[in-house]
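Work through these exercises with the two chains in view. Try each task before reading its solution.

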Amino acid sequence: MNPVLAPLAAIGRSTLALLAAIGSVAIYAAQTLSHLFRPPYYPREFLTALMTIGYFSLPVVGLTALFTGGALALQIYSGGARFNAEAVVPQIVAIGMVRELGPVLVGLMIAARVTSSVAAEIATMKVTEQIDALVTLSTHPMKYLTLPRVMAGLLVVPVLVGVGDVIGIMGGYLVGTERLGFNAATYLTNTVDFLEARDVASSLAKGAAFGFIATLMGCYYGMRSDRGAQGVGAATKSSVVAAAVMILAANYLLTELFF
Amino acid sequence: MIRLEGVHKAFGSNRVLRGVDLEIAKGTSMVIIGGSGTGKSVLLKSVLGLVRHDSGTITLDGQDVTTAERDAFLARFGMLFQGGALFDSLPVWQNVAFRLLRGSLKRPKAEAREIAIEKLRRVGLKPDVADLYPAELSGGMQKRVGLARAIAAEPEIIFFDEPTTGLDPIMSGVINALIREIVTEMGATAMTITHDMTSVRAIADNVAMLHGGVIQWAGPVAQMDASGDPHLDQFIHGRAEGPIEAVR
């Protein structure tokens with residue numbers, strides 16, 4: 001090949017591969033959602049996924065939000081002092097946590113904790129022929145494994161985001177009142193008065209989108225895993241990277257949409 | 001009857017099956033033998049639809065397996081996987097009763113558990129194994145649980161993929177005897193893949209050797225030793241010299 005054209009060919013190949021991957025994920029997502037309208041359903045698997053994704057993620061979500069809210073209060077106070085705007089700490093912490101940091105941090109934590117475990121579990125099932133066994137036992141793997149996890153992610157991650165938002169604001173409140181000398185009642189009043197319903201709605205909507213992406217990517221890469229331990233490792237790594245990138249991209253798109 | 005005609009399957013440039021023709025009569029036990037990587041598992045999975053063959057036809061009682069209604073078709077089968085393929089997240093009894101706890105064969109939980117314990121007993125496992133998880137079992141016990149799961153819904157056709165691989169000779173003998181007994185007792189059609197010639201003699205009514213992507217030899221197990229086929233002779237006697245290359 002002409003050496004001048006080689007870089008262009010490489011870009012073309014990468015672009016085609018990226019488009020093929022996007023198409024493949026889109027088809028997988030559509031196939032998953034199509035099972036919503038076609039029984040049988042597996043409520044027990046759904047409830048287990050709700051617990052695993054939701055309840056057991058609470059500690060990591062809470063700690064992440066608490067420390068981030070506290071650090072945010074310190075940063076805004078110190079940055080605001082440059083133009084005598086220290087008083088806006090409650091409002092900026094609230095808007096920062098609810099609109100951006102709450103959903104994004106929870107989404108990334110879910111990608112780290114849930115996407116990886118879902119991908120590893122399903123990939124291991126694939127390499128040990130458990131997926132084939134499901135089929136021979138007249139059970140559709142997408143109905144039994146993918147749909148319950150994706151629906152649980154879609155429904156429970158907004159709840160986690162809501163919890164993360166509240167804990168993040170509380171982190172800012174604690175630092176604001178205990179360290180920066182804000183009046184407790186004023187801090188809370190400023191926070192509540194400043195937030196709009198649209199801020200909360202965008203936060204929860206982002207949570208739903210990120211939950212869907214995180215669980216879908218885990219299932220998608222798990223199901224496509226190659227044989228062997230290396231295949232399981234590669235599926236796990238790819239799922240987390242893809243979920244994190246897609247969450248950040250979706251965050252930008254949803255922010256454009258809401259604001 | 002299961003009939004395969006001109007079945008081809010390739011993975012990229014690797015042509016695994018190159019025109020397989022085979023018939024398995026109802027109620028008989030067919031054992032497929034052949035070297036590693038000759039496509040025995042692919043053949044078995046093609047019948048079940050786990051792998052889609054590229055060309056040729058596979059029929060079950062005259063109906064093409066690719067057009068059959070999946071649930072009804074699969075309900076006729078039971079399968080023992082090479083590694084057991086037990087579900088790690090479920091206790092043993094729920095693995096065995098998997099089919100009886102969901103779908104068209106669903107039974108009340110207590111009844112399903114009772115059947116599972118009965119099937120475990122059938123394969124020589126005590127009831128207290130029922131509440132253990134697969135990771136707590138030895139390889140031989142996992143295989144027996146897999147066997148119990150394969151027969152739990154009393155299927156008409158049972159597939160066994162390397163049922164004795166990785167087991168000691170005594171446990172292999174136990175599994176072989178169980179398979180023979182279950183197949184005879186249930187009147188099921190069986191298709192087994194194995195390298196183990198002791199298993200072949202214990203389980204088979206008929207034997208087929210897969211080599212080079214085609215059925216090299218097929219016939220009753222009693223005629224296997226006098227087949228006169230050099231490939232089959234080399235394989236059953238485990239000789240390094242012969243028409244089958246040792247390095248493949």
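**Exercise 1. Describe the chain over residues 235-254 of chain A.**

Step 1. Over this span the chain is 100% helix and 0% strand. Helices (H or I, at least four residues) and strands (E, at least two) are DSSP runs, numbered from the N terminus.
Step 2. The end C-alpha atoms are 27 Å apart.
Step 3. Turn to the record: UniProt's unreviewed entry annotates "transmembrane region" at residues 53-74, 150-175, 204-223 and 235-254 of chain A. UniProt positions follow the numbering used here, feature names are shortened, and annotations may be inferred rather than shown by experiment.
Step 4. Residues 204-223 of chain A are also 100% helix and 0% strand, with end C-alpha atoms 29 Å apart.

Note on the model: it is predicted, local features need pLDDT of at least 70, side-chain atom pairs count only at pLDDT 80 or more, and totals for chains, interfaces and linings use all residues. Residues are numbered from 1 along each chain as its sequence is written, chains are lettered from A and ligands numbered from 1 in the order written, and side-chain values use heavy atoms, without hydrogens and water.

**Exercise 2. Find which element gives the most to the lining of the largest pocket.**

Step 1. The largest pocket has a volume of about 1300 Å³, the space filled by probe spheres set on the points, which are joined across faces, edges and corners.
Step 2. Its lining has 44 residues, and A:Ile131, A:Val135, A:Pro141, B:Leu50 and B:Arg70 are closest to the centre.
Step 3. Two or more lining residues come from each of α5 (130-136) and α6 (141-178) of chain A, and α1 (40-48) and α2 (70-74) of chain B.
Step 4. α1(B) gives the most, with 6 residues.

**Exercise 3. State how much area is buried between chain A and chain B.**

Step 1. Count the contact (heavy atoms within 4.5 Å): 15 residues from chain A and 22 residues from chain B.
Step 2. The buried area is about 1600 Å², and carbon and sulfur atoms give 58% of it. Buried area is the accessible area (1.4 Å probe) that two parts lose on being put together, summed over both.
Step 3. On the chain A side, A:Glu129, A:Thr136 and A:Leu137 lose the most, together 37% of what that side buries.

Conventions
1 Å grid on protein atoms, 1.4 Å probe; cavity = no way out; pocket = protein on both sides within 12 Å on 5 of 7 lines; lining within 4 Å.
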